[in-house]
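Here's a quick tour of the charged side chains in this one. Have the structure open and follow along.

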Amino acid sequence: MPTLQEMAKKKAAFSSGHRLCAGCPVPIFTKMLTQVTDFDLVLGSATGCLEVASSIFPYSAWNVPWIHTAFENVAATMSGVEAMYRVLKKEGRTDKRLKFVAMGGDGGTYDIGIQSLSAAMERGHDLLYICYDNGAYMNTGIQRSGATPLGAATTTTPVGEVTAGKQQQRKDLTKIMVAHHMRYVAQASIHNPIDLSNKIKKGIELDGPAFLNVLCPCIPGWRIAPDMAVESARCGVETCFWPLYEVEDGKYKVNYRPKQKIPITDWLFSQGRFTHLKNPRFAGLLEGFQRQVDEEWTWLLDQEKAAT
Amino acid sequence: MAEAMRQINPDVVAAFPITPSTQVIEDFATFVADGKVKTELITVESEHSAMSACIGASAAGGRVMTATSANGLALMWEMLYIAASMRQPILMTVVNRALSAPINIHCDHGDSMGARDAGWIQIYAENNQEAYDNMVMAPVIAEHRDVRLPVMVCLDGFIISHSIETMELEEDQAVRDFIGPYRGLHSLLDTDRPVTWGALDLHDYYIEHKRGQQAAIESAKSVIESVSDRFYRTFGRKYELFESYRIEDAERVMVAINSVAGEIKEVVDALRDAGEKVGLLKIRLFRPFPYAQIAAALRGAKVVTVLDRSTSMGAYGPLFGEIRTALYDAEPRPLVYNRTFGLGGRELFPDDIQELFAESRRYLQNGKVEKIFDFLNVRGD
């Protein structure tokens with residue numbers, strides 16, 4: 001595994017000049033893609049922040065081949081790209097060692113794109129899918145998604161007189177992907193570059209499908225200061241809301257255990273989208289939120305125990 | 001169609017089953033399983049993903065094919081536009097079937113007509129021979145440097161797709177020589193020359209790109225003429241942008257698409273024997289639409305009956321709109337009217353066509369159209 005210093009010497013797949021928001025942490029992982037591996041990469045993006053901000057014609061932030069076609073289908077699009085590579089290999093028309101990476105936000109992955117993602121992984125393409133989960137449809141202006149946490153205010157789950165924030169829990173897409181019996185499924189966070197780059201490298205280099213879910217705070221969506229993305233992600237991991245773990249050939253491994261698990265409210269109350277929950281009438285909701293985080297963390301540790 | 005696909009031997013096929021196009025892919029899957037083609041077959045979970053995977057494979061430089069019908073084509077709708085706008089020469093068999101609701105598996109043209117603005121070249125076929133021939137020509141048209149657009153080869157569901165006809169299949173090698181090898185431009189797999197496919201294109205460039213796309217599809221007309229000519233010289237079957245059947249001196253002409261043309265030809269022959277000056281103009285190329293050529297072919301016609309096997313709810317039929325537009329500048333301008341038939345597989349019999357010609361004779365005698373638009377063979381009023 002290359003050190004961060006070695007990685008920094010390699011050319012990044014993603015160049016400066018892109019139009020992501022100030023403080024957006026998405027480039028942390030897009031830059032790593034080519035830096036972690038010696039394979040040549042072909043990338044694809046679902047419609048979303050990363051796609052629109054990286055490819056405003058006639059400019060492109062991508063130094064490697066990259067394709068975008070639509071919102072719900074990056075996994076299907078990349079299936080076609082990867083299949084064509086297999087044809088070239090089979091016929092001896094290329095001596096390149098190519099790997100394929102699809103990227104989408106939680107909208108393009110948890111929701112509108114889950115069908116094509118599920119099928120591409122089930123078919124077993126040699127493809128790493130990276131979801132950058134910022135917990136809402138941020139590109140269209142912060143609407144709730146299946147990944148939006150309970151209670152979060154978005155433009156479609158506003159804080160009103162009768163309801164306040166999202167009324168439902170988020171779905172656990174990482175577990176859904178584990179159920180696909182694929183080679184590699186992992187959760188990572190943009191605040192931990194060692195763990196993140198290890199997982200990207202593993203997902204890229206193994207033969208077969210891999211899925212990586214990356215916690216990726218959104219400055220305007222989470223209503224945090226532009227210099228707070230990394231800190232906010234770290235806090236999410238320290239609460240165990242977003243555990244760092246991987247499932248390799250069905251075996252769970254927890255990659256990081258907080259020394260002192262901090263309360264979920266530390267994370268929630270540091271973000272503008274949850275500040276309404278400080279009102280005492282939401283005490284029950286917060287208790288339930290904490291209980292669920294605790295239960296899922298315990299469940300995860302049990303899975304790891306069962307695997308060893 | 002599966003045989004044509006086997007002979008074309010595409011790099012990638014991505015498809016999802018839907019009646020009545022299912023068998024095309026089933027038969028092709030046996031060719032893959034038996035190693036008769038080199039193709040990577042991607043058995044996707046939906047037609048949306050079928051077209052998405054086709055676009056990916058095409059952008060990766062491959063010759064790519066699929067097949068679908070009706071709701072499957074409708075589910076592809078978003079990706080049809082993207083395939084054409086990214087200038088991907090994808091080849092697709094469309095076995096025409098009625099769209100839901102109500103769900104129906106039989107033939108009409110509502111599916112492909114609904115896709116007529118998507119930027120695909122659309123070629124229609126009266127019978128299996130023509131469908132096969134169109135598919136053999138399709139890659140040469142689609143991949144031509146001036147065109148680089150996807151092609152739909154359309155044929156009637158069940159009426160043609162599930163009928164047994166005598167036809168000539170050409171030798172594999174002859175077909176492969178005719179279509180030649182293909183290497184897509186700007187392949188995603190060329191990591192030495194990285195390209196960005198599918199960029200965001202705002203008001204400062206979008207309309208120029210659309211104008212370029214329009215020029216490309218317009219240029220397909222002359223490309224199709226030259227490919228058809230080469231096909232004729234190679235295989236001996238002659239095709240033009242549309243088929244003119246006994247229209248040289250015809251006063252009354254019917255215009256129709258696909259299998260019904262066979263029936264109309266029989267009725268035309270019978271009426272010609274009885275001394276009536278009638279004829280048929282059978283559409284082959286619907287996109288791009290050959291307005292000028294059709295206007296020239298219909299010069300002298302006095303009454304033109306346009307048969308649409310689909311509806312554009314709240315408007316006249318899609319073929320009618322094109323034919324009337326083509327004839328607007330004709331002098332003298334013929335009477336032109338529209339009949340909708342065959343939705344959801346409803347039969348149109350030779351007697352019905354006889355009646356239609358009797359109606360057009362009445363219109364010719366009276367010098368006016370009584371009913372510009374109507375449904376044929378429906379119960380009640």
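Predicted model: local features only at pLDDT ≥ 70, side-chain atom pairs only at ≥ 80, totals over all residues.

Searching the whole structure over all chains turns up 48 salt bridges. A few of them are picked out below.

**Pairs within a helix**

- In chain A, the side chains of A:Glu82 and A:Arg86 come together in a salt bridge, at 2.8 Å from N to O.
- These two sit four residues apart in helix H4 (residues 74-90) of chain A, so about one helical turn separates A:Glu82 from A:Arg86.
- A:Glu82 is buried because its relative accessibility is 4%, under the 20% cut-off.
- A:Arg86, with a relative accessible area of 32%, is partly exposed.
- Over in chain B, B:Glu3 and B:Arg6 also pair up in a salt bridge, with N to O at 2.8 Å.
- Helix H1 (residues 2-8) of chain B holds both B:Glu3 and B:Arg6, three residues apart, or about one turn of the helix.
- Here B:Glu3 is partly exposed at 27% relative accessible area, while B:Arg6 is buried at 12%.

**A pair linking distant parts of chain B**

- B:Arg287 and B:Glu322 form a salt bridge, and their closest N and O atoms are 2.8 Å apart.
- This pair ties together distant parts of the chain, 35 residues apart: B:Arg287 belongs to strand S11 (residues 285-287) and B:Glu322 to helix H12 (residues 318-327), both of chain B.
- B:Arg287 and B:Glu322 are both buried.

**A network in chain B**

- Salt bridges link B:Glu126, B:Glu130 and B:Glu243 with B:Lys265, B:Lys282 and B:Arg284 in a network.

Conventions: Residues numbered from 1 in each chain as written. Chains lettered and ligands numbered in written order. Heavy atoms only, no water. Salt bridge = Lys/Arg side-chain N within 4 Å of Asp/Glu carboxyl O. Buried < 20%, exposed > 50% of the residue type's maximum accessible area, 1.4 Å probe, protein only.
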